Structures are given as structure tokens and as C-alpha cells.
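Please read it alongside the sequence and the coordinates.

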Amino acid sequence: MPGISRILQDGYVDERAIGAQGHSWGGYQVAYLATRIQLFAAIESGAPVVNMFSAYGGIRWETGLNRSFQYEHGQSRIGKTIWEAPLAYQENSPLFTMDKVTTPILIMHNDNDGHVPWYQGIEYFIALKRLQKPVWLLNYPGEVHWPLRLANRVDFQKRMFQFLNIS
């Protein structure tokens, strides 16, 4: 955010046309930002965790590792179990503040994702639809965390370009 503030201050970009895109941990970060600020004209959020409660008790399908480790000791940096710090899990889960989203969002989450459970993308999409927010969901059947088939990669890039240009 300090970098964006600086380029806005220096007049390098149109503040009404800033987009954000993130995938996996970055997808989570832009999902979180969408619930806190209204700076972006559009956001693409790929394979994000939006509900740390439901993701906590699962496994990474690709490796079989328990996902709770990520929250207690890894990337998510909460450092405690859901029983020790339920409020931290709630505060860090964008799902619980989706009512604050004003930015159009494109979600890409594939049904064979071995890293982030694809139901996280579904929870994200359903929440925003129920709240009547502008949202679209892309799923490339059989694809993993990121599309590997060239046709799907090309399709995703085209759709993201179109989405960012109309939002």
C-alpha cells in the first residue's frame, strides 16, 4: 500500500483505474484488502483462503499434510490453534467481512487444487453473490492450483484482461 500511495502521489497512475491481482497467498491478501479498502477498481483473486476456520481442519490433497500447521507455524502466522485464538482466525478470514466489499471481484479456483481447498473459492463466490456484490468465478475442471494446460492459461489471461478493462 505504501508503494501505491507513492505512485498516486507522484501522479503516475489514474487512481480510479487501479487493479489488484493475487494468487494463493496473494489471492488471500487481495481478498482481505477488498474487505478493508475501496481503492481498487477491480480485483482478481486466485485460489484464496477466505475462511480460515473451514480451511484449518482440512488437508493439502496433494501432500496429505494437515492444513492447521500453516496457521499455527507457517505462512498464515496466527501462531495458535483455533481454540486458543478464535478471534484471530475470524479477523483474518475475509468471509466474515464480505458485506464491506464494493470492488468487482473475479475469482479463479480450480477443482483439483492440491494446495488450497477449492471450496474456499466456492465459499467466497457464494458469499459475494448472496450479498449481491459484483463477482465472477472461473474454474478450470481437472486443473490444479494454477492452470497447467496452455489453452486454460491463455483463456484465463484473456478473461482477466477483459475483466480488468471493463471494471
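The protein, seen here as a predicted model, has 7 helices and 4 strands. Read from the N terminus, these elements follow the order α-β-α-β-α-α-α-β-α-β-α.

**Overall dimensions and packing**
- The radius of gyration of the protein is 16 Å, which agrees with the value near 15 Å that a compact globule of 167 residues would have.
- Along the principal axes, the C-alpha trace spans about 45 × 40 × 30 Å.
- Of the 167 residues, 42% count as buried.

**Surface and charge**
- The accessible surface of the protein amounts to about 9,100 Å², and carbon and sulfur atoms account for 56% of that surface.

**Residues with positive phi**
- Ser24 has a phi near 65°, a positive value in a residue other than glycine, and sits in the loop between strand S1 (19–23) and helix H2 (25–34).
- Ser24 counts as partly exposed, because its relative accessibility is 24%.
- Arg77, which is not a glycine either, has a positive phi of about 60°, and its place is in the loop between helix H4 (68–73) and helix H5 (86–91).
- Arg77 has a relative accessible area of 63% and is therefore exposed.

Terms used. Residues numbered from 1 in each chain as written. Predicted model: local features only at pLDDT ≥ 70, side-chain atom pairs only at ≥ 80, totals over all residues. Heavy atoms only, no water. Helix = DSSP H or I, 4+ residues; strand = E, 2+ residues; numbered from the N terminus. Buried < 20%, exposed > 50% of the residue type's maximum accessible area, 1.4 Å probe, protein only. Rg over C-alpha atoms; globule rule 2.2 N^0.38 Å. Areas by Shrake-Rupley, 256 points an atom, 1.4 Å probe, with all protein chains shown as cover.
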